[in-house]
Amino acid sequence: MSQPILVSVDAGVQTITLNRPERLNAFNPEMHGLLREALARAADDEAIRAVLLTGAGRGFCAGQDLSERDVSAGSAPIDLSVTIGSYYNPLVRRMRALPKPIVCAVNGVAAGAGANVALACDLVVAARSASFIQAFSKIGLVPDSGGTWFLPRLVGSARALGLALLGDKLPAEDAARWGLIWKVVDDEQLMDEAAALARELAAGPTRVYGLIKRALCASATSTLDAQLELERDLQREAGFTEDYREGVTAFLEKRKPHFKGK
Ligand code: LHQ
């Protein structure tokens, strides 16, 4: 049987491919487990300085595998909080806390938790034919995997409510225009462009990228005063890195910096 996740590392980039194309890469427990392992390795392995997440086949990810539960009349009630608490919440937390950038190449439809896992990445590039669907309400569920947090912050509450209540398909071009994602590219250029972005980030000041993620994540819930304090503290840390010395030296010597991620 094929592996539900494919993982490879090249030029400092760990590429993770969701690989259940016959189900549009819908999540099952095995896939969650392997994704967790891959992200743990990304966190620990100094040779990995950026992650590229994508999907195999024509879809990115259709969220939870809906064929895994018996919801027929008369079946026992299901406590979905167990799945959310055991799999999706830890996944989103792990992605946001990863002190390295995650680029997401959305190669096709991203629905339900699949859409929100994409939004949990740091730079989302989508193929022109891709789309984003808050599919939850269509099956009688509430957006999860951080959707109710990401959406209003990215696109404002009017659009967030429209997306969540209606559960309609948002084409990638609209997603880019609305500010939901970083950019949209032609389908045949998706992997080249996303890989180039990931390689660029993998050659950057890795520790500082981790600090930038922390700062921007914190800003969503903090005051300007608190954020100014945090920026001061993070800049202190950044100033102690080798990459800071290298960046300034390279600027003064009018050459490109060679960051080591340290
Ligand atoms: C699928 C799925 C899928 C299984 C396509 N599962 N097979 C958290 C915790 C606990 C429980 C519940 O949920 C959550 C979080 C969530 O993610 S809830 C939201 C779950 N996802 C959805 O509701 C989306 C369901 N899928 C769709 O609406 C459509 O498949 C989309 C709009 C994504 C794509 O439509 P099409 O391009 O027309 O493709 P398709 O529907 O024909 O799908 C292709 C195949 O993939 C098909 O199988 P088949 O054997 O007929 O070829 C689908 O059954 C299968 N598939 N999504 N989530």
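Reader: Which residues have the most contacts inside the largest nonpolar core, and what makes a set of residues a nonpolar core?

Author: The largest nonpolar core holds 62 residues, and Leu53, Phe60, Met95, Val106, Phe132 and Leu180 have the most contacts inside it. Helix H7, residues 190-202, gives this core its largest share, seven residues. The name is given to a set of buried Ala, Val, Leu, Ile, Met, Phe, Trp, Tyr and Cys residues that are joined through side-chain atoms within 4.5 Å. In soluble globular proteins, nonpolar side chains tend to be buried together.

This is a predicted model, in which local features need pLDDT of at least 70, side-chain atom pairs count only at pLDDT 80 or more, and totals for chains, interfaces and linings use all residues. Residues are numbered from 1 along each chain as its sequence is written, and side-chain values use heavy atoms, with hydrogens and water left out.

Reader: Why is threonine 206 called buried, and what does its side chain join in a polar contact?

Author: Buried means under 20% relative accessible area, exposed means over 50%, and partly exposed lies in between (1.4 Å probe, protein chains only). Threonine 206 has 5% relative accessibility, so it counts as buried. Its place is in helix H8, residues 206-219; helices (H or I, at least four residues) and strands (E, at least two) are DSSP runs numbered from the N terminus. The side chain of threonine 206 joins that of arginine 49 at 2.8 Å. A polar contact is a pair of N or O atoms within 3.5 Å; within protein, one must be able to donate a hydrogen and the other to accept it, and residues adjacent in sequence count only if both atoms are side-chain atoms. At 2.8 Å, the pair therefore lies within the limit. Leaving aside neighbours within four places in sequence, threonine 206 is in contact (heavy atoms within 4.5 Å) with Arg49, Pro99, Lys100, Asp243 and Gly261.

Reader: How do you know whether proline 205 is buried or exposed?

Author: Proline 205 has a relative accessible area of 14%, and therefore it is buried. This residue is found in the loop between H7 and H8. Apart from residues up to four places away in sequence, proline 205 touches Asp243 and Phe259.

Reader: Why does leucine 119 count as buried?

Author: Leucine 119 has 5% relative accessibility, so it counts as buried. It lies in helix H3, residues 113-119. Beyond residues up to four places away in sequence, leucine 119 touches Arg96, Phe150, Leu151, Leu154, Leu180 and Ile181. Its C-alpha atom is separated by 9.3 Å from that of serine 145, 26 residues apart along the chain.

Reader: What is the phi of leucine 24, and what is that of asparagine 25?

Author: Most residues other than glycine have a negative phi, and most peptide bonds are trans. Leucine 24 has a positive phi near 50°, and asparagine 25 has a positive phi of about 60°. Leucine 24 lies in the loop between E2 and helix H1 (29-44), and asparagine 25 is in the loop between E2 and H1 as well. Asparagine 25 has a relative accessible area of 0% and is therefore buried.
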